[in-house]
Each structure stands twice: as C-alpha cells, then as structure tokens.
Amino acid sequence: MFWDREIEALPRPELEALQLARLLRTVRRVGEHVPFYQTRFREMGLDPASVRTLADVRRLPFTTNADLRASYPDGLVVKGPEQVVRLHTSSGTTGKPKALFFSRKDVDEAAELIARCLVMAGASQHDVLQNMMTYGLFTGALVMHYGAEKVGMLVIPAGPGNSERQLMLMQDFGSTVIHTTPSYALYFADFLERKGIDPRKDLRLRTGLIGSEPYTEETRQKIEDALGITVFNSYGLSEMNGPGVAFECSERNGMHIWEDDYLVEVIDPETGEPLPDGETGEMVLTSLSREAMPILRYRTRDITSIHREPCACGRTHARIERITGRSDDMLIIRGANVYPQQVERVLMRFPEVGRNYLIRLEGLDEMIVQVELSGATFDGQLEHLVRLQEQIVEKLRAEIMVRPKIELVAPGSLPVSEGKAKRVVDNRKL
Ligand code: AMP
Ligand code: ZN
C-alpha cells in the first residue's frame, strides 16, 4: 500500500532530477538568506552558482552539532519569526539545546512523510495509534501525531510512562498501533507479564513503530515475541524534522529514506571522504525541502550504509541499514573500541536474558554489565545462573575483546528513562 505512489515509486532518473532542482534551490536560498552559510561559502571560496550537479554536494560545507549550538537560538533560520509556526528543540546532554524552526509548509511536509511511513507499515484510517513518545519540545510525538491524523487514524496522545494508564487506554480504545522507544516497549512487555495480561488475547495491538534510539535485530525479535506485534524500525532526527526520515516497508530489509526531501551521503567519519554505496560510515543529510531552516550536509554521527538497488515493495527511494550506533557512542575500554550495540546484540541472543541492561564503567577501566533476567530464569537454580553468567562473559569477550564482569539482576530492577534509554554509566577515574 502506498500513501503517494507517484512520489514513492518515482523512477530514479526523475527522483534525481527532482533532488537536483531542490538542492540548487536550497543552496541558493541559504546563500542569499542565511548569514551562517554566507560566511561558510565565503571562507571556502564557494560560489553557490557553481553548484550544478548532485555530486557537487561534496563541495558544500558540513554542518555539525556544534554549529547548531553555536547558532542558537535562531542563527540558521531563513525567514523572519513571523514566517515560522513551530519551534522544537533537540535534547542536548549539556548546555543549550539545538533549536529547530518549522514553517507551515515544513509542518505539513513532515506530516506527509509520516503518512507515507504509516501506510507503508500497513496502517490505515481504521487503526488506533497510541503515541507513547514524549509530547513537548521533542519532535518525536508531535510530528508523528500530525502524520497519523493525516492518514485518518484515531490518535491517542498518551505520552510516555505510566504503564497502568497506557494499558487502560489500550483496553478501552482498542489501540492497534504503538509508537515508542525499544526500551519502553520492552519495559511495557514486562509490565504486562507481571499483570498477567496476554497481549495476543487481551489487547488488539498489531504494529509497533519503534525508534528514536538504536536497537538490534535481536531486540526487535524480543519486542515482537513479547507483545505479539510486527515491529517497524523508525528513524529520524530533530535536525531533519524528527521522525519520518527513514522507515521500513513490509520487506523490512532496511529503511527507505525519503530522497525527495533528504539527500543522503555516507562518509568516513575520520576523513570526511564519501564512501561507496554499501560501505559503512557516518550518514550525512542535506534537507531538500525545508523552508524555515534548511541544513546542508548535517553530520548525523549515525553509523549505517546505503543501498540503492530496487526493493520488492516497488519504492525507488534508497534504503539505509539499521543504525548500529553513533560515532560518538564508541567507548574505549582497555584500549579496545566498544559500541553498546555490540553488547546488546550478544545479550539479547540469550533466551534467559530479560529486557534491560546497563553498562557501567568503574575505577580504572573496569567494565560491569548489569543484565536483567527473564522471570522464569530468575526463579531458577543457582548453578544454572552461574553457568549462564560464564557463558555471557565468554560470548562478550569474543565480541568486544574485553572481559566484563556480569551482574545478573531481577526483571524490572534496572532504571528506565521516559525518553531515550541511557545504556552507559561512566564513572571511570582515568
Ligand atoms: P533527536 O534529534 O533527539 O530526535 O535524536 C535523533 C537521534 O536519535 C538520531 O540521530 C539517532 O542517533 C537516534 N535515532 C533515532 N531513531 C533511531 C533508530 N530507529 N535507530 C537508531 N537510532 C535512532
Ligand atoms: Zn521497500
């Protein structure tokens, strides 16, 4: 099913022609109206009029997280405040957030992309969406909300947390689709299990739109088994309007990225050089349709690869692989490079492992992984637990080249955050 077959299945030559026209328009507009880019172009000796092909994108400057913070509150906005209708911010870990402005058209276009994603995941006006993301400055909930209304779904703006209320809403209004993070989906599955609710029998859930933080294929499987739903991976970032940037189709072989609105590159994060299709590196995105705040070559720091072969679903837009982490997620532990996703992948392959984990780094480079067990395993025999602990240590050592200490803990005992999961606590005194 398509929301807009004409654009979703546009033959690639036409798609690329559209991208080029929009790229040229974007470069011209920022060159005329955004002092930040005017300065950059001048410093690089770049005449915006000399940009003529899609490959010329490589001659444009990168925009980084630090650039967005430095231009806070509105240094990258094209039009005066009267032209913008919405402000969102992106959570920063420290200091000021990044401020993102939307024009009327930007709000509509973001909703349009979400509508494509929802229909691609099989949703229709007969569905009830329980939107369990955070409403407010964060883009996650509101952007999804507008898109789902466009499709004609009944949207329940539940927000995150408060599992009792979530369950009540699901039961009373027959929610069929949920939108949440992988960590909350797993937490909620635990909650249902403790309440003795069988989602397959007692609820009408069918589909999960799961994203906003990285997760592995193993975690997807766990969520699907625990909630009896089909999970679609949903990717977005506030700098590019929030959710709806890339999303899985029914083939679930990577996420289609809406190339009429985003020009994708994958680069070597060290050198900034472009990598060929299929190679893994940092994704860089240029917005092609944003009106209030166009962004050139945004360094997402998200690690993935891109594939442009045709997809069996008929869509022509490229696919990106599941994000395996962020270039700034990498931990250096006793000299080894470790990504939290590697740890998750190993843990979630164990059926005895429950639904949450936490990596703690202590002292002079000691790695401790706290692992929640499944209910049945937790109540099991001690010898079994000791053996399990040893097996996890061995499998992790083989994957990450570091021998961690494993602490097996009770289901539901590790902290859960309402927003994005915090997987690592670093207390090292290095
Ligand atoms: P924010 O701007 O606060 O919405 O955060 C955007 C970031 O969340 C992205 O740059 C990714 O690092 C992460 N993210 C969002 N969706 C996904 C996903 N489906 N898989 C992995 N990471 C994701
Ligand atoms: Zn497809």
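The following legends describe close-up views of a predicted model.

Local features require pLDDT of at least 70 and side-chain atom pairs pLDDT 80 or more, whereas totals for chains, interfaces and linings use all residues. Residues are numbered from 1 along each chain as its sequence is written, chains are lettered from A and ligands numbered from 1 in the order in which they are written, and side-chain values use heavy atoms, with hydrogens and water left out.

**View 1. The shell around ligand 1.** Of the 18 residues around the ligand, N233, S234, S238, D302 and R326 come nearest (a residue is near if one of its heavy atoms lies within 4 Å). The shell comprises 5 nonpolar, 8 polar and 5 charged residues; here Ala, Val, Leu, Ile, Met, Phe, Trp, Tyr, Cys and Pro count as nonpolar, Asp, Glu, Lys and Arg as charged, and the others, Gly among them, as polar. Strand β7 (residues 230-237) gives the most to this shell, with 5 residues (strands, E, at least two residues, and helices, H or I, at least four, are DSSP runs numbered from the N terminus).

**View 2. Polar contacts of ligand 1 with N233, S234 and D302.** A polar contact is a pair of N or O atoms within 3.5 Å. N233 places a polar side-chain atom 2.9 Å from a nitrogen atom of ligand 1, and a polar backbone atom of S234 is 2.7 Å from a nitrogen atom of the ligand. An oxygen atom of ligand 1 lies 2.6 Å from a polar side-chain atom of D302. Taken alone, ligand 1 exposes 500 Å², of which the protein buries 93% (Shrake-Rupley method, 1.4 Å probe).

View 3. Domain 1 contributes 25 residues to the contact and domain 2 contributes 21 residues (heavy atoms within 4.5 Å). About 2,000 Å² is buried between the domains, with carbon and sulfur atoms giving 49%; this is the accessible area (1.4 Å probe) lost on putting the two parts together, summed over both.

**View 4. Backbone geometry at P73 and R252.** Y72 and P73 are joined by a cis peptide bond with omega of about 5°. P73 is in the loop between α4 (65-70) and β1 (84-90). R252, in the loop between β8 (242-248) and β9 (255-257), has a positive phi near 50°. Most residues other than glycine have a negative phi, and most peptide bonds are trans.

Notes
Polar contact = N/O pair within 3.5 Å; in protein donor to acceptor, adjacent residues only side chain to side chain.
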